[in-house]
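Q: Hi! I'm just starting out with protein structures. Could you walk me through this one?

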Amino acid sequence: MADLTPNAGMAAAAQQGLDWRTEGFGGDGLVEATITDARKMANREPLSESKVRRMPAWFARHAVDLEAPQNDPDNKDYPGAGRVAWQLWGGDAGRSWADVKVRQLDEEQRNIHYGNDHIIAEIDDTLLDGTEPIVKTINFINARPEPVCIVSGRLEAERADTVAALDAAGVEYFELYLNDTETGSLEFKTLVAEALMAEYNIVLAVDNDEAARAAYNTLGIETLAPDDIPDAAGAAEEEEDAMNPYRHTAPVKLEVRESAMGAEYLTVTGYAAVFDQMSHDLGGFREIIQPGAFADVLGASPDVHLVIGHNMDLPLARTRNGTLELGEDIRGLRMWARIDSRLSYAKDLAVQLKSGLVDQMSFAFTIPEGGDTWTVDDAGSVTRTVHRIDGLYDVSVVAAGAYPQTDVQAVRALLRAAADKGLIPNRLDTSQPETVGGDSVEQHAGGTVESDTGGRQAIQNLQAAKAKTKAALHNHSKGL
């Protein structure tokens with residue numbers, strides 16, 4: 001197992017960051033999880049694998065912050081917030097260390113997968129149409145239990161753009177192979193498939209190209225054309241019904257600005273939820289979320305998506321690939337996201353944000369037994385106070401007034417469950433059937449969102465993303 005104990009250089013950097021924070025430097029943007037991890041580094045306590053895997057992406061994204069004048073040691077305002085955060089993440093030593101550790105972790109995962117079932121998938125006209133997601137194929141491979149090896153005739157020089165497009169489309173995969181040879185696409189795919197068969201048991205190849213499927217068949221690999229993928233709509237509806245979701249929304253402040261990374265990317269910051277604020281009437285009760293409600297779930301490093309309208313078919317950002325970061329502070333659930341504005345729906349969302357057509361947020365969550373309390377005042381008004389959230393699935397930008405029938409059913413389920421426990425009077429009309437589940441996934445109004453860079457868009461329906469191991473195979477790895 002890779003040793004995730006911080007080295008002496010990281011410990012010194014983290015301690016410097018903590019000292020600066022004590023002296024009042026660093027600003028208000030630091031989240032408690034960063035401070036907690038910095039204390040671990042300073043004490044040279046092992047970090048979590050999730051933290052280590054997020055470090056390279058964080059350093060790559062925030063290196064530009066060190067160019068600010070206040071982060072120059074000769075500047076009278078040194079250290080600026082960017083330098084303080086850099087040190088809290090382990091500084092230059094942490095950046096080099098994390099790169100090495102991620103490679104070690106990937107190699108360990110690769111060894112674990114040796115001999116196991118895997119599938120192969122192409123990109124062009126199979127997973128993506130240009131940069132647009134082909135939702136049916138993506139949903140199909142994401143739902144498969146086997147890790148996915150993407151084998152494409154795209155050139156290795158296109159790796160950065162390809163990774164960004166796959167991540168933006170929500171494609172979950174294990175390895176990414178792009179053509180770094182002098183051979184044509186078909187020969188490259190054949191060579192890679194033969195190499196993969198020496199490592200894994202390849203049970204299926206999904207490819208739009210008939211010649212490629214024929215080559216895979218010759219190797220004894222079962223193939224499937226995207227057009228032949230069975231329709232899973234019924235299963236999706238059944239899963240959503242089982243989750244018993246509801247959503248309630250509230251107006252939020254949305255701003256669109258230019259991104260520091262340029263026009264190709266959109267940066268979104270703000271609050272997906274705000275503490276100690278009473279919601280509007282949700283259909284029988286109002287709700288308050290208390291400070292600290294997200295502490296447990298964020299500590300578990302959940303895989304959360306930023307979406308529009310809770311539609312999983314339009315992914316914008318996610319925590320697992322480092323394009324979405326969430327943290328809890330005294331105000332609420334703080335959010336940072338980087339979105340590829342080249343996506344058509346991101347451009348559309350930018351227009352909607354600027355015009356005010358979209359101005360609300362929601363988030364999907366579950367609470368554990370005992371995670372809420374119900375009260376009824378003298379006038380009979382019901383209030384639910386949420387103390388603890390144990391599942392966080394998406395943060396979503398939504399249009400005003402979105403109250404589908406599934407929301408009504410979930411609200412009724414919550415009220416019935418509370419009434420059955422004697423927490424509130426039973427005022428429901430029992431002549432109308434409703435679905436009452438265990439932990440229902442709820443969609444809750446959020447807080448302010450400020451977005452940087454041309455547009456924004458999001459997407460993702462209400463369903464927890466399936467965790468799937470990502471790893472790399474030598475220089476062909478996707479990288480994290």
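A: Happy to! Keep in mind that this is a predicted model. Let's begin with Phe-59: with a relative accessible area of 0%, Phe-59 counts as buried, because buried is anything under 20%.

Q: And what about Trp-58, buried or exposed?
A: Trp-58 is buried, with a relative accessible area of 5%.

Q: How are the rings of Trp-58 and Phe-59 placed?
A: Their centres are 5.4 Å apart and their planes stand at 85°, so the pair is edge-to-face. Planes over 60 degrees apart get that name.

Q: Which kind of pair do Trp-58 and Trp-89 form?
A: Trp-58 and Trp-89 are stacked, with 4.5 Å from centre to centre and 5° between the planes. Trp-58 sits in helix H3 (residues 49-62), while Trp-89 is in the loop between helix H4 (81-88) and helix H5 (91-113), so this pair ties together parts that are 31 residues apart in sequence. Like Trp-58, Trp-89 is buried.

Q: Which residues do ring pairs link into a cluster?
A: The cluster is made of Trp-58, Phe-59, Trp-86 and Trp-89.

Q: How many aromatic pairs are there in the whole structure?
A: A search of the whole structure turns up ten.

Q: What lies over the face of Trp-89?
A: That's Lys-51, at 3.3 Å from the ring centre. Elsewhere, Arg-61 lies over the face of Trp-336, at 3.8 Å from the ring centre.

Q: Okay, new topic: the sheet. In what order do the strands come?
A: The order is S5-S4-S1-S6-S7, which makes an open sheet of five strands with parallel pairing.

Q: Which strands stand at the edges?
A: Strand S5 (175-179) and strand S7 (223-224) do. Each has a single partner strand, so one side of each is left without a neighbour in the sheet.

Q: How many bridges join S4 to S5?
A: Four bridges join S5 to strand S4 (residues 148-155), and the two run parallel.

Q: Which strands does helix H7 touch?
A: Helix H7 (residues 159-169) packs on the sheet and touches S4 and S5. The direction of H7 makes about 140° with that of S5.

Q: And where does helix H8 lie?
A: Helix H8 (residues 185-199) lies across strand S1 (117-121), S4, S5 and strand S6 (201-206). Helix H8 runs at about 155° to S4.

Technical notes
Residues numbered from 1 in each chain as written. Predicted model: local features only at pLDDT ≥ 70, side-chain atom pairs only at ≥ 80, totals over all residues. Heavy atoms only, no water. Phe/Tyr/Trp six-rings, centres within 6.5 Å; stacked < 30°, edge-to-face > 60°. Buried < 20%, exposed > 50% of the residue type's maximum accessible area, 1.4 Å probe, protein only. Lys NZ or Arg CZ within 6 Å of the ring centre and 35° of its normal. Pairing = 2+ DSSP bridges. Contact = heavy atoms within 4.5 Å. Axes fitted to C-alpha atoms, helices over the stretch in contact; angles between N-to-C directions.
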